[in-house]
Amino acid sequence: MMTSLQTQLKYDVEAIRADFPILQRRVNGHPLVYLDNAATSQKPRQVIDALVRYYEFTNANVHRGLHTLAEEATEAYESARAKVARFIGAEPESVVFTRNATEAINLVAYAWGLANLKSGDRIVLTEMEHHSNIVPWQLIARLKGARLHYVPFTPEGEMDMEALDNALRQEPKLVAIVHVSNVLGTVNPVEEITRKAHAVGAKVLIDGAQAVPHKPVDVTRIGCDFYAFSGHKMLAPTGIGALYARRELLEEMPPFLGGGSMIRRVTHEFSTWADIPTKFEAGTPNIADAIGFGEAVDYLQHIGIEAIQQHEQQLTVEALRLLGAEEDIVVYGPRDPQRRCGLVSFNFKHVHPHDVAQVLDARGIAIRAGHHCCQIIMRRLDVTATARASFYLYNTIEEIHTLVEALDDVRKVFGKYGG
Amino acid sequence: MVDDELYREIILEHYHHPRYKGALPDANLTAEGMNPLCGDELTLYLKTDGDRIVEARFDGRGCSISQASASMLTEAIRGLTVDEAKALLERVKAMLTGSPHEPFDEDDDLSALEGVKKYPVRIKCALLAWTTLEEILHK
């Protein structure tokens, strides 16, 4: 990988760390080493302050009042939408605020799926999907009599493109695929997959929860129909996420939830809908956290998403190098760091990942251990769980070293039985 | 280092040398337990003669705490009547959840599980085998 000296000098990880109050915490007597970013990221002072500022200075309902606060709140909310949209190369009208990526996918499943899928239609998923991009489709498939088809991944942890081509020959109505796997770290070739799926007339939904926080994403260049992601994995508060959908689709789709805001005219029998994207935002939205989402995007853009990607790439290279050299450890996912993004899943051959996480926690190191909401991947890997270290802009090479050194504690507790 | 309260010697010993692990082909009572939070799976097999549990085995995959707890369970309930097993089950559950209970002797392996109650996330691991037993006994 090309890393110019100039970029290294510009990327000041200590200055970034100073913006995140929680990184000052000590856990079990040790400085916190937070390596669970794929679960949720920490929040910079700027985002926390934006929430306080909103509640102390601007708080009012949006799209309703004519008073100053209502106008300011509406302006702040819509400006956050514009920032989030611009960050992924979309127009603001194409971005609907949701609670998270899961809700965004459910919105598509219920609003688009119920109206467009019929008995016998095929939905192509992959075995790499998070439960959030499986379960909504199972529910809709059951309601409509549609069939699910899963594309497997190779032993290296990459999408089996031949199997995908075969699945596309059956002319599915929808291909729903993860951009970056939250277990394997694999970056899927979403542009190519979208092109191929469109060639057979399928719509394409991409789950970008692990992609948008870590790498440049341009939905227009990808050409997909739907793109879902969460704010809390990219420095924003919990409870706010977004769905991008092509304008024509949003316009023809029926609403997902009904209520206030999303209507134009309500009569005894029926109602007509507000313009997009408001048509899909029933009730008072999560105004404060949407504004925090906008602030988070500002922060990421200030550092530079390419610079963040490059920084994480260095951490991934080091983690793969060190963990890959341990004889008692199995590392999952592509070997080539260029084909993956920001996280490394691994297992001790003879120690359960819960026990690994427990021992690391005693050293202040936070990793995730479990099935990561990907039981299908777990079954394919023939494990019930894995340990996962996931990185972000504020992590350091030293923290990777602390993690690898602390694995010796695991060996001390569990090693003497020949484990 | 990690608190020795959790990873007591006896727990690690049961984990690495589980007492009655593997299917019991002539079991007349079985149940499967799962911890959806972590994906741990466990099958419990019992053979009863009238009211008495004459054999108990378990199979499955899980962390040291869930496996050690299952191993201790199979050892502890052999030879008990169903009512005695139910009483033991309640006693272990009370110990793990910090409710009043008759304490276990120090030389009883089950006493080693008491350290788990300080780790709320791991209580479910220790309980898995016992809630699976509960399912069988209340069928």
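Predicted model: local features only at pLDDT ≥ 70, side-chain atom pairs only at ≥ 80, totals over all residues.
The partner of β4(A) is strand β10 (residues 241-245) of chain A; the pairing runs in the antiparallel sense over four bridges.

For β4(A), both faces are covered. A:Val95 and A:Phe97 lie on one side, A:Val96 and A:Thr98 lie on the other, and all four are buried.

## Packing of helices α13 and α15

Helix α13 (residues 353-361) of chain A packs against α15(A) at an angle of about 120 degrees, and the axes are 9 Å apart. The crossing of α13(A) past α15(A) is right-handed. On the α13(A) side, the residues in contact are A:Asp355, A:Val356, A:Val359 and A:Leu360; they meet A:Ala406, A:Asp409, A:Val410, A:Val413 and A:Phe414 in α15(A). By class, this contact has seven nonpolar residues, two charged residues and no polar ones.

A:Ala406, one of the residues in this contact, is located in helix α15 (residues 397-414) of chain A. A:Ala406 counts as buried because it has 20 C-beta neighbours inside 10 Å, and a residue is buried if 20 or more such atoms lie within that distance. When neighbours within four places in sequence are left aside, A:Ala406 is in contact with A:Leu360, A:Arg363 and A:Ile365. A separation of 52 Å lies between the C-alpha atoms of A:Ala406 and A:Gly120, which are 286 residues apart along the chain.

## Domains of chain A

Chain A is divided into domain 1 (5-31 + 304-417) and domain 2 (84-291). Taken over C-alpha atoms, the centres of these two domains of chain A are separated by 29 Å.

Between the domains, 23 residues of domain 1 of chain A are in contact with 20 residues of domain 2 of chain A. On the domain 1 side, at least two residues each are supplied by α12 (305-324), β14 (343-348), α14 (375-381) and β17 (386-390) of chain A. The most is given by α12(A), with five residues. The residues of this side of domain 1 divide into eleven nonpolar, six polar and six charged.

## Contact between chains A and B

Chain B contributes 17 residues that are in contact with 15 residues of chain A. On the side of chain B that touches chain A, the elements giving two or more residues are α1 (9-16) and β2 (40-49) of chain B. That side of chain B consists of nine nonpolar, four polar and four charged residues.

Terms used
Residues numbered from 1 in each chain as written. Chains lettered and ligands numbered in written order. Contact = placed C-beta atoms within 7 Å. Nonpolar A, V, L, I, M, F, W, Y, C, P; charged D, E, K, R; others polar. Buried ≥ 20, exposed ≤ 12 C-beta atoms within 10 Å, placed from the backbone. Axes fitted to C-alpha atoms, helices over the stretch in contact; angles between N-to-C directions. Left-handed = near helix turned anticlockwise from the far one by under 90°. Pairing = 2+ DSSP bridges. Domains from an automatic or database assignment.
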